[in-house]
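Subject: Structure handover

Hello,

I am passing this structure on to you. Please look through it first; my notes follow below.

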Amino acid sequence: MTQMTFARAINSGLRKSLENDPKVVLMGEDIGALGGVFRVTDGLQKDFGKHRVVDTPLAESGIMGTAVGLAYRGYRPVVEIQFDGFIYPAFDQIVSQVAKMHYRTQGAVKMPITIRVPFGGGIGSPEHHSESPEAYFTHTSGLRVVSVSNPQDAHTMIQQAIASDDPVLYFEPKRRYHDKGEVDETLDLGAALSLEKARVVTEGTDVTLVAYGPLVKTAKDAALAAADEGVSVEVIDLRSLAPVDFATLEASVRKTGRLVITHEASQTGGLGAEVAASITERCFYHLEAAPVRITGFDVPYPYSKLEMHHLPGLDRILDGVDRALGRPNSLSGLEG
Amino acid sequence: MFTDDAGKGGISAGGPGNSAESNRRTGGDLVQLITPGGERVSHPEFDPWLQDVTDEQLGALYEDMVVIRRIDAEATALQRQGELALWPPLLGQEASQIGSARALRDDDFVFPSYRDNGVAYCRGVNPEDIVKAWRGNALAGWDPYTVNVATQQIIIGAQSLHATGYAMGIQNDGADSVAVAYFGDGATSEGDVNEAMVFAASFQAPVVFFCQNNHWAISEPVRLQSHIQIADRAAGFGIPSMRVDGNDVLAVMAATRIALDRARHGGGPTFIEAVTYRMGPHTTADDPTRYRDANELEDWAAKDPIARLKTLLERKGLLPEELEATVAAAADAVAKALRSGTINMPDPAPMDIFKHVYSTPNSSLDRQQDHYSRYLASFGDPAEAATEEGAR
């Protein structure tokens, strides 16, 4: 076990993938000498060379489209999109090419591309630097989407994503990059929890609270605070956003009968909607209350002086927990 | 004149690729080696690239063009008869496609668009596999790795980036094969084609951008896509270019060989504009009489790629009646096989809809598949459930 930051844990995972498979190639803007704007690729170009850690021109569709060509040639490209809000120029290549190639070619052409995306807010950025675009990709068949919440998962799951023969969107919570945690760098990938599994991170009996990425920490803090009031919250780190590990969610909701899901992304059509609908379909007779979503508002990402209103914090999440439990809450007395 | 001075670039940018390339020639005059009247004209730069083309090979190019025109006509007929949902004719572009595709080596890799059926044919794709996607029996008709041709791209220009990335892979592997992107004049307005040229130039990737300027992007004339000759755009990216008569199979072949040779020897990308004309509609769903002048069609009919090669062969005494008969018989045979292969193509099974979305099991999709299979089974006889009526 080594104590390291979230960013370092990803760096160490990338390094291992580069060492283990000569077909792994990193591509992105400023990932070479600079080590990426968040330093996640720090030192990798120096150690593996410019042919394996490639500084690309500033063109996201170009990066993604050439990654498709490299995958066609048998490579495993790992693409860094510098910020969440910069992914849209690459949207067509991701949705029309990366996601569909395996289906289009009836399995002949694999797209083992990992797309790393620093996402989410809370760092006081200008526009386009704090977004949560995951739902665009969870809606797209052919992609796997994951988000990591702690240094150990960050380290393990980046390697699992790179090893996957399917394309994986890997969402990194940028406001947690400097958080530290214990990382076992010798953990066997096969023995680790698989990429598509959720994890119960805090056990509880009264309400199931589902979070992913940056909000897992907030959710765990909320569970601690709720415990002070005698409420037992079970926190689930979703980890895989597509597919969602509904088996783990179902088992929890069958136990608690109540579901709260939280994410930074806007509410309408978000992952919370899918989780709420699917859990309602699957465990309707076990639910004691309607599922509750605590999410970002349906607004463009706001200017940073307002972002803490947009981002679900501990108190808003607890208010949602109260709502799920039928305890007094900010909406008490309102119908529906 | 077609300087080869870029130096050997690695996948990383920088070095020689960043130096000024002002001496690299761009587009310029249209290169033509066979006139519309079927006269062979000499060209000091291009002729050396054709020295090994024998009379027999000239006849083979003629046969290729006649056969692909026949495949095209048969596919159009099959669409009119309801056997294909749609077909994008390549009528008029035979020389561009055959001349370039026959210049390639087997280990070169082609990234074509949906109209490049002549290219697919030359690479060995079975004609009934060419129409498979247009019948709706698959999204794509062949395994790219068996013929080194990617599936035909429908998103305009997207494949130019795939070719460039593939070429970066070739470069990393230390191989001397080349990736070739085929696209049309309309695609040159797309960001992807422009980004592909940026990447290809920066990394000096062994890629050939082969643009068939057929003058029309559905109803939009080429002047709407480019204010200057398309080939001249390449200079802005530091990429050498050639502008050739796309209805002249020899000019196209020579230009492609020049570009391939440059790419194989570390000289980086080349842009070729093959000036041709789409004699038919954009697809069988299109009506060109709404937007283009009949006179224009007549002008281009006089520049037909097959007619001019035929005249040349006749002049040289290379097209005796027996050969003419052999070529016609070959075209008939291919057309017959295409027709019967198309009509007898087995329909896909209903549950095929779920196959190959992912390469590993996916819990959400597996559940949908399970539920739909139960739904189909609820009709009783699975064979009956699989019929179109039952599947509803």
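Gln106(A) sits in the loop that runs between helix H5 (101-104) and strand S5 (114-119) of chain A; helices (H or I, at least four residues) and strands (E, at least two) are DSSP runs, numbered from the N terminus. Although not a glycine, Gln106(A) has a positive phi of about 50 degrees. Gln106(A) has 16 other C-beta atoms within 10 Å and is therefore partly exposed. For that term, a residue is buried if 20 or more other C-beta atoms lie within 10 Å of its own, exposed if 12 or fewer, and partly exposed in between, with C-beta atoms placed from the backbone.

The model is predicted: local features need pLDDT of at least 70 and side-chain atom pairs count only at pLDDT 80 or more, while totals for chains, interfaces and linings use all residues. Residues are numbered from 1 along each chain as its sequence is written, and chains are lettered from A and ligands numbered from 1 in the order in which they are written.

Asn148(B), which is not a glycine, has a positive phi near 55 degrees. Asn148(B) lies in the loop between helix H5 (144-147) and H6 of chain B, and counts as partly exposed because it has 18 C-beta neighbours inside 10 Å. Most residues other than glycine have a negative phi, and most peptide bonds are trans. The peptide bond joining Ala242(A) and Pro243(A) is cis, with omega about -5 degrees. Pro243(A) belongs to the loop between strand S12 (240-242) and helix H9 (246-256) of chain A.

Next, chain B as a whole. It has 15 helices and 7 strands, and 48% of its 392 residues count as buried.

Helix H7 of chain B covers residues 191-203. Of its 13 residues, 11 are buried, so H7(B) is largely enclosed by the rest of the structure. Among the buried ones are Val193(B), Met197(B) and Phe199(B). The cover includes helix H3 (60-72) of chain A, as well as helix H6 (158-173), strand S2 (179-184) and strand S3 (207-213) of chain B; contact here requires C-beta atoms, placed from the backbone, within 7 Å. After H7(B) comes Gln204(B), with a positive phi near 50 degrees.

Lastly, a helix pair. In H1(B), residues including Leu58(B), Tyr62(B) and Met65(B) take part in the contact with H12(B), where the residues met include Ile306(B) and Leu309(B).

Regards

Technical notes: Expected span 1.5 Å × (residues − 1). Contact = placed C-beta atoms within 7 Å.
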